[in-house]
Structures are given as structure tokens and as C-alpha cells.
Amino acid sequence: MNPEWRNKRMAAKSFARGMAWCCSAALVCVAACASAAGDASALLAAGKAAMEDELYGLASSKFEAHLKAGIPPGARVESTLLLAQAYHGLGRHAEMRALLEAGLGAAAGMGRAAEYEFWLAAADGALDAWDRALIRLDGFEENFPESSLRPAALRLRGAALLNTGWPEEAAAQFELFDRTYPGAPDAPENLLDLARARKEAGRADGAQQTLERVAAMGAETRPGQEARLGLAELHVLARRWDEALDALAPLVEMKNVREDVRLSALFMRAGIEEGRTNRTEALALLDRGIEESTDHDLKNEARLRKGWLLIGMDKFDEGVRLIRETVSSMAANSEAGRIQLSLGHVLLERGLADKAAAEFQNYLETFSAPVGVVEALKGKGWALFKAGRFEEAAETFEKGAREAVSRADREECLFKAGDSLFANRQFARARQAYEALIRDAPGSPLAARAEFQAAECRAQAGETAEAERALAALARKEQGKPIALAALLRAAEMMFRQGKLAEAAEAYHVALAGTDEAGLRARALHGLGLIQYRLESFADALDDFERVVREYPDNPLAEQAYTMRGWCRYLMGEEDAALAIFDAFISRYPKSEKAPDVMFWIGEFHYNRGAFAEAERRLISLADQYPQSPLADSALYWAGRAAFMLKENRRANEHFARLMKQYPSSAKRPEARYAQGEAMYALGEFAGAILFYEELIKEFSGNALEYSALLRKGDSQFALGAENPKRYEEAMASFQAVLDRPDVPVALRGQAEYKLGRCLEKLGSLEPAFERYMNVVYAFAPAPASREAELWFTRAAFKAAELKEGEKSWKKAANIYQRVVDARVPAGLDAAERIRKIRSENWRFFY
């Protein structure tokens, strides 16, 4: 079980129960006053009727209009109070509070202060300002001894005490209510609040006795059902599983139990099964709860439970997706903040940098805990950096350094701010960030690296001599450490990047001659190979890379050198040898991070050569062997495309379906879904194609392929129209859906208009069809027009002209063809020939 979730839900219910009862009492009071005032205006009467029906939005609009109608002060006080209660029903508590504050003085002058004070306290509670509510309720009974709201105020004070950390004092208020108003309509709800207060005060036995008292009222009553939930929770906390299940059984099985109670019981049962490590049963119960739930908070609770449970069952991707969908709809509390941060880190680890940055930003916009803010800033900075949004990353890290609570966080943020600025080629600012770290924390583990990076900033800024001197000084100062070796090699690499290939080669040769250290020699040889590769001396480069692979096979650079051998062979025109090297690389380094990239390149190579069968085989092998690779989903997609090119449409569809199933977060999902539709369309299975296009439209609303899917859905429906003319009407709806979008590109709009015309023509509606064709013709702008826009303009114009020819309206047809000629599109010559033929055969109509 999750006590925090359960406790907060119970707190919300307690407050809601109190407010429901209090609202009723307050309305009785207002109604009495209204009766005394005589007939109310039509607006006021309509507002009250809407309140009785719980139509708070309608009620608020009536009361707002009533307040603008120039009503007398007494009526204004009443209408203001009613409007505040309508705002309460709408959850607009800040507006409610402001409205009541503004009218409190007038209300006090007319003897209505008790109602205003009470509802102000209620607004404070709803805004989680319970301290303020408690102050406002202080002395309520003494100040308003005749008020009918005294019982409600007593319960509200108990809720305020409970929510400000005074459970014993809250219990005393609820006990006083129990003694004073034992027959009140909300007496059972008061007992439930009393049980909660006793439980939070550590009096579990007292809480259980109180709940048993309410449960005895019967499982068919709402309070009795709530009491059973509370009893089950107490049993769960004491690990009395069987007693808990006994308490919950009627709530799950009885038909007259309200949905939210039944679902709460269902979720609690899932928690019990999880506590018993029966996770499969717990998952099934949560699925049932999600399916049946219409309550927002309970649905969120179930989804989060399922998400973490799935992760616990090693169903990682599915669990993360569910949590990501749920956290955005949660209230802004510490638990939501923790989940939000975790979600951002998971997305970042999965390589979804832009989405991760958005999730960290969501945290920053919603939560304010200092430690969490720094963590979110760091996470967002890393995400922006990996997304290539370096300027934003630098700003984020700089802010992280300012907000940092610990010295280590500040140093890390300063360093990463420098890295981000460096990546954005803002070398002067990057050097300032690195030097700030060196100056502020010379003993930091990051200080030497910051010196290294500051030197590289100088090199990139054209200060080559200063950079080389800084690297040499760093190498001497850190002699014997890895950073010294990095500085020595980086000097040569900087020369290489500046195109000083001879100087760089000399530096590498000096390194080779001056050391027997294997790592240094491997890097020097590799650097020499890169120089020769840059000089397009591929044979010499190949020799250097061969030496790295042969003499230092265990060095990390051997992997890269191995692939460089393949590139050398490829650029030497030895394609078969290159492919053999890449195949050998995969066999030799099957666990290499580069293996999926190499396999993808091989598949892509075969695809581009038109060897689709081999491309498909290679790409499927990648997906089978490296399902966790970021390229696995793309491999499945292109394997499907290769099968499609081979006209193996069913097999293509299998590849696309596998992508959809295995990679629910893949960016290729919209393309794969669209390709599934295309495969079915190519098979002539238009009904099946429609299903795939509809799924794309539903799942990926806003995707660039949505319009194409709508159009292809329409094409499929059009194809079915030959057997069932009603399908033409369905096709028209699909094409019209494209036109209804305001941001549809001109070419797609023209296509949709044209195809609507074709449907109308098939249905025999020739004049509307003609109008659709001419819409395309008149909307066409010759320059600058895309080839696609020209295509649909041409087709529409020819179709419109053909319809006029069919009517023997020769001159109108010729005029339409002339528009094609004037547009200077490729079909202009054909249009001119049509004009010539019409004029020659029907010349008498032109004079």
C-alpha cells in the first residue's frame, strides 16, 4: 500500500464531505433570507436552480450577470455569497476567496458575516492554507452564536487542525461534534474524520473502534463502506491480510457500492496481493481498476502502482511509459516531484533528450524544493546538451551553479556550462566558465579537466600557441596521471583539427619514439592513421590502422581502428573487402557499441544498392541481436521497407507490427503504422489499410503523417466504393477532415479537394464535383509551387475541363485548359493541344 496516497485521498474526502454538508446548510440560510426579501430576479432564481442541480458553471454565469444588473446592496451580498459557492463547486477557490474578501465588509453590515467568514475559511482550506482557515474559525461559535453554520464550523476547524499537524486537537473537535450533534445528517462522516485523527495521533486501537462503530451501520451505507476501507487499511498496516480482505470483500462484490469506493477497495486488494508477492494477480487487479475507474485521483493511483509494479516485474519500458503518462496529470506534491525527476532521468538514459528536457522543465515549473530544483536543472542541462541545444544547456547549468546547495553540484554545473558553451562554439564564454571553476575550486577533481578544456578553448579561438603552452604545463603538472597523457595527445589532435597535418604527424612520431607505453603508442598510431585518412592516403592510413589492430588488440582504440580499416577499403573502391571487414568486426566485437551501427550501415548499403533481400536479412539480424540498440526500431522499419520493395507486403507488415509492439516509445512508430497501411493497400486489402490509417490518426495526432493518413484512408474508402457506393461518402468525410485543418499545406489541401471531387463525380454529383476541382484550380499559385501542388492543380483542371467537355461547354473547357497553359506547368503542352483540338472541332462556338 501507499499510505501517503491513501492519507491524502482521505483528507480530500473529509474536506469534501464537510463542504457538501456545509453547502447545504448555507443554502438553507440563504434561501430563508431570499424568501424574506420577496421574489428574486429571474437571473437569481435560475442561478439557485442550477446550484440545486450542481450545475456550477451555469450557476456562476447567472450570478455574475445578476451582480452586473444594478441590484441593491442586500441582493448583492446574497448574490456574491451564492457566486462564491458556485466557484467552490468549480474548484475556483482563489477567485472564491477574493470575491468573499471584497464583500465581507458589506456582508457584516447586513448581518451576513457568519456565512462569509465560514466560506472564506472553506476557501482557505481548499487552497491548502489551513493555518489561515484555523485563524478565521477561531471564536466562530462565540462571535456567531445564532448561526446555523456552527456545526459545520466545528467540523471544518477539526479538518484545519488535522491538516496543520494537530491530530489530537482535531480529534477533540470531532468528539465534541459527536457529543453535541449525535443526530446530525453528517454524524457518520464526522466519525470517519475522528477515526482518521485518532489514527494520525497514533491511536490505532481507538481508530479501529470508531471505524467498527461506523461499519456496523451496514455495508450498504456510504459511511459504512468508507469505514470498511479504513479498517482494511489498518489491517494492512498490521499485515493482517485475511482480515483486510474480509473487510474489503463486500465493497468489491456488492452492486450498490459507489464506484469510487469499489475501486478503492479493488486497489487496496491489489496492494495486499503485492504485499504477498503475488504480482501477477496484483497487476490483473490494477488493470481492472484502470478499466473501470472514472475518478481522476484513483486512476492516477492505479496507474502509478501499475507502472512501478511493471518495473518491479522487469517490464521496464511499459512501466516507464505508464508513469510518464500519469505524472503530468498528478497534483503538485512531493511524491509527484520525485516521480517527475525519476521520469526525466529515465528518458535521458533512453536517449530521448528533448522529451527528458521537457520533463525536467515540467518539474521546474511545478515544484520548488531546492535540492529537487538543482537536480532538475542538472538533468535538464544534460538533456539539452545531448539534444544539441547547447546555448540553452549552458544557461541551465549556469542557473544550476547559482542555485546549487552543495559545492560538488556547483562545480559540476560550472564545468558542464563550459562544456555546453564549448559545444556551441562560444569559446570565450566557455573558457570563462572553466577558469571560474579553476579559480573557485583549485583542489576540485574537476580542476585539471577544466584546465584541459580551457586550453582547448584557446586553440579553437585561434590562440594556438597559448593552447599548446597550457597543455604542456598541464602535462608537466599532472605528470603520471591520465590527464597528462590526454594533454600531450590533445596538442597533436588540435594541430590535426586546424589542418596542421605535418606538425601533428611530427608530434605523433615524437610520441611514438619517446615512449613504450602501449596506450600512448596506440593513440599516436591511430592519430597518424587519421592524418593519412584526411590526406586521402588510404593505403598508408590502412597500414597505421592495421598496426593498431594487430599490435594493440586490447586497446579501446582497436575497435575504431578496425572500422576505419573498412572505411579505407571502401574508399579505395574495394567494397567487397570493406564489407568483409565490417562482417568480421561484428564477429570480433559482438558486444561493441559500434556493432549495431556497423550492422545498420551494412543493411543500408545493401538497400541503397537495390539488394533488398540482403538488406532485409541484415537489418532483421540487427533487431534480433541488439533489441536494446537505439537503431533496432529503425532496423525493423527499414527491413519492412525492404520487404515492401520486394512486394512481400505481408512480411513487411510483420516487421512493422514488431516495431510497434517492441518499441512503444520509438520515433518510428508513426512511419511504421503508416507503412502498415501502405502494405495492406498494396495487397488490395483496403479495409485492413483503413484500420491502420485510423490507428495512426488516433495514436499520433499532430504528427506530420496525420494528413497523409487521412488522405490514404480516403483513398482506401474510395477503392471500396466500387462495391459499396456509401464508401464514397466515407471517403469524402476523410478528405473533408483534411480540409478542416487550418494548417494543411497547400499541396495536401489541393489533393483533398481533388479527391472530394472524384467522390462526388462517382456519386453523380457533377456540379459539386466541378466546384471542388475549380477550388484547386483557383487556389493554385504558380510560383513558388511544389511539384506536388502542380500535380493536383493539373489533375483538377483537366477533370474540370473534361466535365465541361461532357456538357459540350467547349468554350468553358478551353478556358480551364488555358489556365493550365498560363500556369507554365509541365502539362501545359497537353492543355494547349486540348485547346487546339476543341477549337478545331467546335470552332463555331468560339465566334
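User: What is the handedness of the crossing of H11 and H12?

Analyst: In this predicted model, the crossing of H11 and H12 is left-handed. The near helix is turned anticlockwise from the far one by less than a right angle, and that is what the term left-handed asks for.

User: Why are H11 and H12 called roughly antiparallel?

Analyst: Look at the angle. Helix H11 (residues 187-200) and helix H12 (residues 204-215) pack at about 165°. Angles over 145 degrees count as roughly antiparallel. H11 and H12 are therefore roughly antiparallel to each other. Their axes are 7 Å apart.

User: Which residues make the contact between H11 and H12?

Analyst: From H11 come Pro188, Leu191, Leu192, Leu194, Ala195, Arg198 and Lys199. From H12 come Ala204, Gly206, Ala207, Thr210, Leu211, Arg213 and Val214. Heavy atoms within 4.5 Å count as a contact.

User: How many nonpolar, polar and charged residues does the contact of H11 with H12 have?

Analyst: Nine are nonpolar, two are polar and three are charged. Gly counts as polar under this scheme.

User: Which residues meet where H2 packs on H4?

Analyst: On the H2 side they are Leu44, Lys48 and Met51. On the H4 side they are Glu78, Ser79, Leu82, Gln85 and Ala86. By class, this contact has four nonpolar, two polar and two charged residues.

User: Is Ser60 buried or exposed, and how do you know?

Analyst: Ser60 has a relative accessible area of 4%. Buried means under 20%. So Ser60 is buried. Ser60 lies in helix H3 (residues 56-67).

User: What is Ser60 in contact with, leaving aside its neighbours within four places in sequence?

Analyst: Ser60 is in contact with Leu83, Ala86, Tyr87, Leu90 and Arg92. One of these, Ala86, is also among the H4 residues that meet H2.

User: Why are Cys457 and Cys568 called buried?

Analyst: Cys457 has a relative accessible area of 1%. Cys568 is at 0%. The limit for buried is under 20%, so Cys457 is buried and Cys568 counts as buried too.

User: What makes Ala584 partly exposed?

Analyst: Ala584 is at 30% relative accessibility. Under 20% would be buried and over 50% exposed. The value falls in between, so Ala584 counts as partly exposed. Ala584 sits in helix H32 (residues 575-588). The C-alpha atoms of Ala584 and Pro784 are separated by 51 Å. Along the chain, those two are 200 residues apart.

User: Why is Glu253 called exposed?

Analyst: Glu253 is at 58% relative accessibility. Exposed means over 50%, so Glu253 counts as exposed. Glu253 belongs to helix H14 (residues 241-253). Its C-alpha is separated by 22 Å from that of Gly275, 22 residues apart along the chain.

User: Where are Thr277 and Arg824, and what is the phi of each?

Analyst: Thr277 is in the loop between helix H15 (259-275) and helix H16 (279-292). Its phi is positive, about 65°, although Thr277 is not a glycine. Arg824 lies in the loop between helix H44 (810-822) and helix H45 (828-841). Arg824 has a positive phi of about 55° and is not a glycine either.

User: How do you know whether Thr277 and Arg824 are buried or exposed?

Analyst: Set each value against the cut-off of over 50% for exposed. Thr277 has 65%, so Thr277 is exposed. Arg824 has 75%, so Arg824 counts as exposed.

User: What makes Asp516 exposed, and where is its place?

Analyst: Asp516 is at 75% relative accessibility, so Asp516 counts as exposed. Its place is in the loop between helix H28 (501-514) and helix H29 (518-534). The C-alpha atoms of Asp516 and Ala737 are separated by 72 Å.

Conventions. Residues numbered from 1 in each chain as written. Predicted model: local features only at pLDDT ≥ 70, side-chain atom pairs only at ≥ 80, totals over all residues. Heavy atoms only, no water. Helix = DSSP H or I, 4+ residues; strand = E, 2+ residues; numbered from the N terminus. Buried < 20%, exposed > 50% of the residue type's maximum accessible area, 1.4 Å probe, protein only. Axes fitted to C-alpha atoms, helices over the stretch in contact; angles between N-to-C directions. Parallel < 35°, antiparallel > 145°, perpendicular 65-115°, else oblique.
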